[in-house]
Amino acid sequence: GWLAFTCCAGALILLFLPSLASEDRLVSGKPLYPGATVISDGGAFALGFFAPSNSTPAKLYLGIWYNDIPELTVVWVANRRNPSPTNTFSPPTLSLSNSSNLVLSDGGGRVIWTTDAVASTSSSSSPSMAVLENTGNLVVRSPNGSMLWQSFDHYTDTVLPGMKLRFKYGAQGGGQHLVSWKGPGDPSPGRFSYGADPATHLQIFVWDGDRPVVRSSPWTGYLVVSERQYQQDNNGAAVVVYMSVVDDGEEIYMTYTVAADAPRIRYVVTHSGEYQLRSWSNKSSVWLVLSRWPSQECKRYGYCGPYGYCDDLVRTCKCLHGFEPENTKEWDKGRFSAGCRRKDLLDCKDDGFLALPGMKSPDGFTRVGRDMSTSEECAAECRRNCSCVAYAYANLSSGRRSGGNVSRCLVWSADLVDTAKIGEGLDSDTLYLRLAGLNGEKPRGIVVMIVSPILGTGVVALCILLAWLKFKGKNRKWRKHKTFYEHGKGHPAHDHEFPFVRFEEIALATNNFSETCMIGQGGFGKVYKGMLGGQEVAVKRLSSDSQQGTKEFRNEVILIAKLQHRNLVRLLGCCGEGDEKLLIYEYLPNKSLDATLFGT
């Protein structure tokens with residue numbers, strides 16, 4: 001009879017016949033039986049038969065697992081949908097046929113799985129062979145050494161270093177997907193899968209059946225995501241993963257590598273619906289989870305509802321600029337699925353676009369104009385269609401691809417769903433959001449609170465004057481908000497009122513915070529030059545990624561409120577919408593402070 005061995009987790013059983021010497025290859029005429037294994041030339045991986053411990057009656061699967069760690073961990077399974085029963089008199093076999101195909105047969109000789117890679121019989125006197133490489137890849141080679149088939153091209157639930165996740169253009173359904181196990185001891189296909197968007201190939205999903213669980217940013221054209229470091233344990237040991245993405249015009253593929261002395265590492269789609277990076281700890285003899293996707297609740301697909309977005313910094317949902325919660329009571333309770341609604345309806349004629357940098361673009365886009373060379377052409381494509389609510393542009397060439405200049409213009413004509421603020425990086429876009437009243441409209445009677453750093457030659461001075469500017473006239477209608485920066489512990493409430501300017505108006509004044517308008521940069525943000533109400537101003541935009549920025553902003557406003565002098569630079573107004581904090585100062589060119597104070 002067969003001897004059963006249960007792994008330490010109790011989930012799998014290896015079936016053994018008397019021990020047989022193992023090589024790293026399988027050749028024609030020498031089949032593989034349960035109990036024998038093929039071991040890679042370095043001892044890292046083994047190919048053989050295993051059976052889940054909870055299957056009744058017992059079922060046999062052909063798989064590849066780590067050979068050099070004590071916990072049986074299967075990384076590839078051949079016959080997931082068609083296991084071999086064990087209650088037959090004769091055991092199943094794996095053989096290499098004369099046509100250079102691997103054939104898995106049950107005890108009765110019925111074929112239950114085959115590579116089906118080569119149709120004709122080889123006429124060469126030298127036999128083909130199936131070799132298990134030390135990467136975990138099972139490769140069938142012809143007599144001349146060329147590759148006929150490899151397991152790395154036939155995914156199960158695991159991605160090993162060096163394996164390529166391929167997404168071929170024109171492939172039905174976006175190509176192959178990783179598919180989770182059905183349970184911890186059941187290798188049959190489960191509910192969850194990982195793969196490319198079948199419509200565009202530009203983004204990655206984890207699905208629960210047909211329902212999206214989590215979605216990546218649309219691909220922005222990067223080819224290498226350099227390196228990512230993960231801490232394995234409390235002793236400070238780090239695992240460095242080198243990621244890359246390649247588009248050769250026929251397919252896009254992702255791959256990763258690790259250092260030769262790195263611990264065993266793998267990506268896996270779990271039966272619970274997460275895409276995890278796991279590393280083997282020799283110290284504790286367990287698999288450690290280095291990263292998981294989704295990493296937080298608000299990153300789940302559509303969690304923030306239409307026109308809501310997940311803010312990575314604070315890990316909660318917010319409304320896009322120009323929008324407010326659809327149901328405030330539910331929103332305040334942390335129930336965000338209803339999303340957000342527009343404060344001002346679009347009318348097409350006076351609409352404009354607000355730039356939102358560092359965003360994960362929403363789902364539901366349409367890719368247009370593959371040969372568009374500029375963002376202006378992409379903007380025009382959206383502007384001419386009144387139903388277009390946003391667009392995003394990226395140059396996919398950037399000198400990193402052959403085949404000329406290739407661009408990516410995405411437009412949205414329905415509700416914006418599943419977006420996030422992720423900070424500027426390789427996988428982020430600048431999302432141009434359509435809003436009412438931005439089409440060339442000049443802000444009227446703007447009172448802006450700006451503190452402008454004055455950069456002079458030889459002397460650097462920061463001078464602030466709180467100027468309470470009162471505009472009169474029927475066309476000057478401004479909102480004033482009581483300051484909240486002095487309220488709270490240590491800051492008794494005062495009855496000051498600060499002129500408040502809409503974020504959209506400031507964005508228009510600085511050409512959507514264009515780099516060409518930037519005149520300075522510091523630890524807490526950037527300073528832009530712009531025109532507000534016909535006056536030159538300097539806008540200090542505090543970084544939303546800096547927690548210190550909020551404190552700096554509060555302190556600066558308090559300081560301005562306490563200082564008044566006729567020789568100090570005027571503070572004109574402020575903006576504090578959502579996580580945006582802006583101070584607006586009177587603009588003074590270099591040396592103008594000296595001229596004002598000393599008449600030079």
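Leu435 is buried, with a relative accessible area of 4%, and this residue belongs to strand β36, which covers residues 429–435. The model described here is a predicted one, and its protein chain contains five helices and 46 strands. Buried residues account for 49% of the 600 residues in the chain, and a search of the whole structure finds six disulfides.

**Surroundings of Leu435**

- Once its neighbours within four places in sequence are set aside, Leu435 is in contact with His321, Gly322, Phe323, Arg342, Leu346, Asp350, Asp351, Gly352, Leu354 and Glu504.

**The chain as a whole**

- Among contacts between residues at least 6 apart in sequence, 56% join residues that are at least 24 apart.
- The protein chain exposes about 28900 Å², of which carbon and sulfur atoms supply 49%.

- Four strands form an open sheet in the order β17-β18-β19-β20, with antiparallel pairing; its edge strands, each pairing on one side only, are β17 (178–183) and β20 (211–215), and the twist from one strand to the next averages 35°.
- Strand β18 (residues 186–196) pairs with β17 in the antiparallel sense over four bridges, and within this sheet Leu178 stands opposite Tyr194 of β18.
- Tyr194 also figures in the largest nonpolar core, which has 105 residues and in which Leu94, Leu102, Tyr194 and Tyr275 touch the most other members.
- A second, separate core comprises 11 residues, including Val368, Cys388, Tyr391 and Tyr393.
- Apart from neighbours within four places in sequence, the contacts of Tyr194 include Leu178, Tyr275, Trp207, Met254 and Trp293.

**Disulfides**

- With the bonded cysteines of the protein chain numbered in sequence order, the pairing reads 1-3, 2-4, 5-6, 7-10, 8-12, 9-11.
- Cys348 and Cys386 are joined by a disulfide with an S to S distance of 1.8 Å, and with -70° about the S-S bond this link is left-handed.
- Cys348 lies in the loop between β30 (340–342) and β31 (352–360), whereas Cys386 lies in the loop between α2 (375–383) and β33 (390–395), so the pair ties together parts that are 38 residues apart in sequence.
- Because Cys378 lies in helix α2 and Cys409 in strand β34 (residues 407–412), their bond ties together parts that are 31 residues apart in sequence; both cysteines are buried.
- Cys382 and Cys388 are linked at an S to S distance of 1.9 Å, and the disulfide is left-handed because the torsion about its S-S bond is about -100°; Cys382 and Cys388 are buried.

**Other cysteines**

- Cys574 counts as buried at 5% relative accessibility, and its sulfur is 7.3 Å from the closest cysteine sulfur, that of Cys575, which is too far for a bond, given that a disulfide calls for sulfur atoms within 2.5 Å.
- Cys517 has a relative accessible area of 18% and is therefore buried, the cut-off for that class being under 20%.

How values were computed: Residues numbered from 1 in each chain as written. Predicted model: local features only at pLDDT ≥ 70, side-chain atom pairs only at ≥ 80, totals over all residues. Heavy atoms only, no water. Pairing = 2+ DSSP bridges. Helix = DSSP H or I, 4+ residues; strand = E, 2+ residues; numbered from the N terminus. Axes fitted to C-alpha atoms, helices over the stretch in contact; angles between N-to-C directions. Core = buried A, V, L, I, M, F, W, Y, C linked by side-chain atoms within 4.5 Å. Buried < 20%, exposed > 50% of the residue type's maximum accessible area, 1.4 Å probe, protein only. Contact = heavy atoms within 4.5 Å. Areas by Shrake-Rupley, 256 points an atom, 1.4 Å probe, with all protein chains shown as cover.
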